4 protein chains.
Amino acid sequence: MADVRAMREACGVFGIVAPGTDVAKAAFYALYALQHRGQESAGIAVMGAGGIRASKGMGLVTQVFTEKDLAPLTGDLAIGHTRYSTSGVSDVRNAQPYVIHTGMGPLALAHNGNLTNAPALRDYLLQRGVGLVSESDSELLTQLLAQPVPDGEDTWSRRIAQVMRLAEGAYSLTLLTADAVWAVRDPYGFRPLVIGELPGGWVAASESCAFATIGAKLTAEVEPGTIVRIDRHGPVVERPELPTRSQSFCSFEYVYFARPDSVIEEQLVHAVRQRLGQQLAKEAPVAADLVVGVPDSALPAALGYAAASGIPYGEGLIKNRYIGRTFIQPTQALRASAVKLKFNPLGANLTGKRVVLVDDSIVRGTTAGPIVQLLRDAGATEVHVRVSSPPVMNPCYMGVDMPSRADLIACRLDAAGIAKEIGADSCAFLSHEGMMAAVRAGLTRARGHCAACFTGRYPIEVPDVG
Amino acid sequence: MADVRAMREACGVFGIVAPGTDVAKAAFYALYALQHRGQESAGIAVMGAGGIRASKGMGLVTQVFTEKDLAPLTGDLAIGHTRYSTSGVSDVRNAQPYVIHTGMGPLALAHNGNLTNAPALRDYLLQRGVGLVSESDSELLTQLLAQPVPDGEDTWSRRIAQVMRLAEGAYSLTLLTADAVWAVRDPYGFRPLVIGELPGGWVAASESCAFATIGAKLTAEVEPGTIVRIDRHGPVVERPELPTRSQSFCSFEYVYFARPDSVIEEQLVHAVRQRLGQQLAKEAPVAADLVVGVPDSALPAALGYAAASGIPYGEGLIKNRYIGRTFIQPTQALRASAVKLKFNPLGANLTGKRVVLVDDSIVRGTTAGPIVQLLRDAGATEVHVRVSSPPVMNPCYMGVDMPSRADLIACRLDAAGIAKEIGADSCAFLSHEGMMAAVRAGLTRARGHCAACFTGRYPIEVPDVG
Amino acid sequence: MADVRAMREACGVFGIVAPGTDVAKAAFYALYALQHRGQESAGIAVMGAGGIRASKGMGLVTQVFTEKDLAPLTGDLAIGHTRYSTSGVSDVRNAQPYVIHTGMGPLALAHNGNLTNAPALRDYLLQRGVGLVSESDSELLTQLLAQPVPDGEDTWSRRIAQVMRLAEGAYSLTLLTADAVWAVRDPYGFRPLVIGELPGGWVAASESCAFATIGAKLTAEVEPGTIVRIDRHGPVVERPELPTRSQSFCSFEYVYFARPDSVIEEQLVHAVRQRLGQQLAKEAPVAADLVVGVPDSALPAALGYAAASGIPYGEGLIKNRYIGRTFIQPTQALRASAVKLKFNPLGANLTGKRVVLVDDSIVRGTTAGPIVQLLRDAGATEVHVRVSSPPVMNPCYMGVDMPSRADLIACRLDAAGIAKEIGADSCAFLSHEGMMAAVRAGLTRARGHCAACFTGRYPIEVPDVG
Amino acid sequence: MADVRAMREACGVFGIVAPGTDVAKAAFYALYALQHRGQESAGIAVMGAGGIRASKGMGLVTQVFTEKDLAPLTGDLAIGHTRYSTSGVSDVRNAQPYVIHTGMGPLALAHNGNLTNAPALRDYLLQRGVGLVSESDSELLTQLLAQPVPDGEDTWSRRIAQVMRLAEGAYSLTLLTADAVWAVRDPYGFRPLVIGELPGGWVAASESCAFATIGAKLTAEVEPGTIVRIDRHGPVVERPELPTRSQSFCSFEYVYFARPDSVIEEQLVHAVRQRLGQQLAKEAPVAADLVVGVPDSALPAALGYAAASGIPYGEGLIKNRYIGRTFIQPTQALRASAVKLKFNPLGANLTGKRVVLVDDSIVRGTTAGPIVQLLRDAGATEVHVRVSSPPVMNPCYMGVDMPSRADLIACRLDAAGIAKEIGADSCAFLSHEGMMAAVRAGLTRARGHCAACFTGRYPIEVPDVG
């Protein structure tokens, strides 16, 4: 997706139980591998002899933590978090894990997702005499977990189950209590959450890419609507009684969010993306000399498109690797643009060629035009845009930060209109059916997916928006 | 008190209701004048159209706030706070005012004091399902205020009265709610709290010195055990039903904490300090040529001693005005010391003189020795130390950060022993009776005072400490 | 090159003359595109009405400059610089451009390269009564330029020529004087330097990739041993009388340093790298199922190797894009490593495959081993390492920061020994002849190159080192 | 002087030779005591085994240096500096000591003063081929010292003497070379410079107050026009051949700049200020009830006025001790002002009293009015302003940063006019003759002084200004 920051995953979570291991450092490396799921803030909380100690800060994982920050975080259990704000408030006070004292002892929470009934939950807590310091879903979840179970034995398991019955929406959580790390996933299973094994320990994470970095092996997914309790004896799965929900894993994780080296639903994301490209070649063929992907996220789909179409694959755009938010506004006279700062064309590779430009998605559509122009200026005679997902036409309420409908180009224009607006010779999107076929081709059993941002069919009740 | 930071006041609070005035700037100037009551952090909260907006930070008032921080803080009501931590945790998350959302709407709180039954209050809240994020008394107070009144009408007045019945200890509070600023003082009246009037508004503050800076006039004290509700129509005093407590205003505020230009219990603090010096001259006369005070806090007592004794007053020590915490440790070879960095003697004024050195208090006793030595090195032939308060021998549980008994010199030695240890020719303290007489000489009606740090007689149940 | 930071280019330079353009912003964008040539500090100097104004700082270009820094830098002429230190002293005082006042007026200088007779030049200046504040070559160059021409007319042209006769070694300079920007290149032409044209202006830069970003077009190289003076009327080439030197452009710029989208010696660097890969396939063929390049720098060579060998090209390693220096040391128990933090293998693409791993160079050899192991762990049955340049065996004295010989793996081991040490099934390097053939295949006229780091044959007298 | 920052001393210098002592820490403590002479930046340079190492930074001495900064500064010789900029450019690059390499070896320089022929010196250097990086006098002095002596033996002594013949104006210098620390004072002796003795070492400093802090004893002044060379064998005085100049020590050092505990010209500054107050009482008596000084600088004069007049001395104004530059602008509605932020009146001390308000000087006159008003508001029935120096009417060219004539109130109004403008019942200044008499009453031999800011009679040729 070349639309810089057009859609943003809300968060990455991690948990570890590993006596004898430096769990804070393990969390650091794991969060480093989950950096793509949140670049605004990061935090680590460890259960030590004197309770929970946490270190949090604004910025990239490597900016937030120093050896000195991690040194005091000793213990056998830890959780961690990387974050974007979906509410737009960027403040270290919103950095997670969120840590509180409760009547059951200390608790830390890391959350990926978005609750759809937050106002009702908020009112519920305020009426019970709980003061709230923020607008965040995560504070709601921790204060709900601080509420005693009204009848019967008061245990963390029963408290978590109680919260799962109250909260609606997307939540993949890691929790830290005195004796255990917990991995909790909503009944829809909107966001990913997996379990792994270390020599002498167990881990949980949003994506398996976090495991490779620390020498852990993926062993299982956290099934939707389940709780995995991990203590020093290993993980135990709990299945609380919950209303039935249809499984709805986010298809956009396959299209763009997840790292290509992660394994989700037992398949490598990179392989799914190659299949998306292959399917796209079948649905939208074109006579051309060269297949070029928009780096880096669309390269697997471009390789797939090239393989299926027989058109040679080549590099056509170089991406400036020196990431940094620049607030320096280009002037008209310079005719510079965010796209020119980010991408440079490889003239000699493109001159005189008919080019298929593969992108993984088009959201706002503001950068596709300048990229097409770059290729033409570098000598491409034709530019055919091929997108390895359907048009994005609907907002997400399940934990992804997206533009409003007014800013989605596919709400205004069809493929032909988009081709015209961005100056391409043609433009085609993968069909919803094609996408689902490519996603599901590698599954070993039937699974449900959410494609609401493409189709508008939400698996959950959502606010009524224009 | 020359014992650098040996005893520290816990906080300063402020509140203002003034439609048409820039209340954030008024709070800024007032906090600047209350800086001596807390130099670790500062904060301002304003009630505006969209609720409460707050700005807080670590450091001196002038370091914490910029014009840009204050600009968005628009409204008619505000509170502010300057802070030391008494618990020792120095963190911006503990900076006040503490702001929460409650079932009654938004609430901000600024607290000076210390609760003596915090563990019981904490347990009370946890058992009711409230998660707590810190160890601070101020969070306890806000969460207690978030609890609904169990029977009858639920109003802020009734909630505050309910909290006053639950909380034991020292608290002078300013609160900010949607329509009013509240000034609340515990039934003992340990810490100061006063009300003033502006053209077109009303203010509350720990000390009246904050009023001069913003053109306000002192109009009343907040009586112990009362609530002053200030809205756009002015202040109204409420007297909730509370168990009877004996009035116990802190005598150390007169001795050292309060600014000399503040008016407390209707008398100027500077005048009280002069009387303390006069009384000291009567109780502990000595034949000498010069009276010198330790700058700046002991100068009024030194002027009083000089006037009552007939011995000339003069400057004998110069204080380095460039405040800054230095972590550079002096080496033995240099024989430098914190005292030499802070004070330089005026040789020609001291040579051949018998000097009375007046200090307001001796706590640890670690700096008196070096100062006596400075005077001797500069040529003083005799040095007689006179202290305008009794020996400090007991910890404070009512909001003052103090050394433990093991570090109080008067727990180890009597006046003669202290004279020997610090190398003085003689040493004398003001008697408890003398101090109370000097304090009360200016009162227009009988009042009770706490002198527990001198006498060990606490007006409240305190933890049993060795 | 997967050896993180094993060899580092010393600097990037830029210059612009463009009345009516915001030259500071143009410099900002150009330096952003030259970021790969120096990430330690950056600076911009502009000639305005009141003389030269400069802004410099430590860090990436996007971190160093804000709109507020650039706003006062108004004028028609500017130069800029991005920097690594080759001497190891990292300090903002060494950030360039270096600005001085001289008897001829103000002067700013930006330097890429390294002088080989610095001690002699230093002594020359000290004996003439010039005090020096640093150890840097750039200060030497500016103070040499401050020296009047002893006979005849004293002009900048004659001063520059005088310095070119005194200084030995590598220097590609941009200079800023009252009326002109100057681009100066040493007689060997070690480091690149090119000239471009804007609508209404002219630019000079280390590489042409800086031109695309600002809408400029490459028009010429600065020939070795020449001075290009650019004023408001455009560029004029000056050829000072100098001793004859053999042209010696750095071949490592082709192998690794230069951006693939730059055009050097009239050929696209990306195309040269593809030819290096093709040549490598001819020299060192192997039976395999998949060609994988080490991202990002070796991908063009991998594409070339795949095309020439007929073995399919695929992605096998994912690079973590979130750059940041981490000082968190991995623990043994975690078995994490810098390589695991940087690269993750794509399991499903590699399982059961015989893999050709193409890298552009091997310097220390410390990371090749872990990468080979990553591929094996991910299921590769064979790993054949192919390197698109000869073994690096000699230090550089012409502006590249390199490890000493003791740290160069090829000084210790031959290809078979390296294969064994890094755990590869085989290892082969491109020959020197093969490299030169691939480099020169695209040239339109004969040119000389320096390959001293591969061959040990230096085109210039260098210090005698073990 | 209540005119906040109206006149500012330019700098403080220090030097030490003390084998076996931690000279960097000694410099730190000494600079801390010289903080009043410059609060913008500070620096320390030490001669160690590998040459000069320096640490410099912006801010107060306690902010600039940490233990970690000082630890590497090992050696037997050091110099230090605290600084204001007189040119207005506030930048760490201007922080001193200024360190260079010369043909004679390393050199560091710390300078207090201002050269009156800087443009000529600048031109001299530029024409000799020296590039200059700043506008500072100190760079001129170091580069002049880098110039070889044209004939005869080239020694530091001869180089320093050569520079003393070239440079005109005020300079009290400490220099650091390989074997010695040098203290150098211009032939007029405008700014102070003294020598002291440590156990096992020697020191030089702008003021003797720096000696007390480190256990050193004042032994001598550096006589105007002399060089004191201090090596491991102690100090040696050199008297270079120079044109005759009349001794002209700055009288404003006595009035305001110097610390009251410093000894200058063998007399305690505090004693001189008391005499100024006594003389003022004689010249400008008034019937009154109370003498109040503006804290802190005017308190000695107030004590002197009280003693000579027989009117009681008392505290009338409290100064807020929490220094910090505030950029928060007061609003009209609040009627707050810089004066109200800085001073609070002691109501009960002032009510119904006729007050003599003693200040040490009036420069801009902008704060005297608000202070008079403060006293009246607090109940003073009359306020008589008495100033212990003559009216300031002329700029200083010898190292003091002053307002221009347009901003000097005494250039516009006579004493009666000033009394009217500031709302005082009367206003009187000490006469020039009275000031000189009070200054000279304690001298043991005849000395010359500069009073040009009062009289307009400059002892040196100065630029022609309107």
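Author: Over all chains, the structure holds 84 salt bridges. The term has a cut-off: a side-chain nitrogen of Lys or Arg lies within 4 Å of a carboxyl oxygen of Asp or Glu. Side chains of opposite charge can pair when their charged atoms come close.

A word on the ground rules. This is a predicted model, where local features need pLDDT of at least 70 and side-chain atom pairs count only at pLDDT 80 or more, while totals for chains, interfaces and linings use all residues. Residues are numbered from 1 along each chain as its sequence is written, chains are lettered from A and ligands numbered from 1 in the order in which they are written, and side-chain values use heavy atoms, with hydrogens and water left out.

Start in chain A. A:R232 and A:D76 join in a salt bridge, with 3.4 Å from N to O. A:R232 sits in the loop between β13 (227-231) and β14 (234-238) of chain A, and A:D76 in the loop between α3 (67-70) and β5 (77-83) of chain A, so the pair ties together parts 156 residues apart in sequence. Those helices (H or I, at least four residues) and strands (E, at least two) are DSSP runs, numbered from the N terminus. A:R232 is partly exposed at 39% relative accessible area. A:D76 is partly exposed too, at 22%. Here buried means under 20% relative accessible area, exposed means over 50%, and partly exposed is in between (1.4 Å probe, protein chains only).

Now chain C. C:R232 and C:D76 form a salt bridge, and their closest N and O atoms are 3.4 Å apart. Again, loops are involved. C:R232 is in the loop between β13 (227-231) and β14 (234-238) of chain C, C:D76 in the loop between α3 (67-70) and β5 (77-83) of chain C, and so the pair ties together parts 156 residues apart. C:R232 is partly exposed at 39%, and C:D76 is partly exposed at 22%.

B:E168 meets B:R245 in a salt bridge, at 2.5 Å between the closest N and O atoms. B:E168 is in the loop between α6 (156-166) and β8 (169-176) of chain B, and B:R245 in the loop between β14 (234-238) and β15 (249-250) of chain B; they are 77 residues apart. B:R245 is partly exposed, with a relative accessible area of 30%.

Back to chain A, and to its domains. Domain 1 spans 12-245 and domain 2 spans 263-455; such bounds come from an automatic or database domain assignment. The contact (heavy atoms within 4.5 Å) takes 12 residues from domain 1 and 10 residues from domain 2 of chain A. Two salt bridges are counted between domain 1 and domain 2 of chain A. A:R447 and A:E221 meet in a salt bridge at 2.9 Å, N to O. A:E221 and A:R447 also belong to a network of salt bridges, linked with A:R185, A:E265 and A:E266.

What elements give two or more residues to the side of domain 1 of chain A that touches domain 2? They are β7 (105-115) and β12 (217-221) of chain A. By class, that side of domain 1 has three nonpolar, six polar and three charged residues. Nonpolar covers Ala, Val, Leu, Ile, Met, Phe, Trp, Tyr, Cys and Pro; charged covers Asp, Glu, Lys and Arg; the others, Gly among them, are polar.
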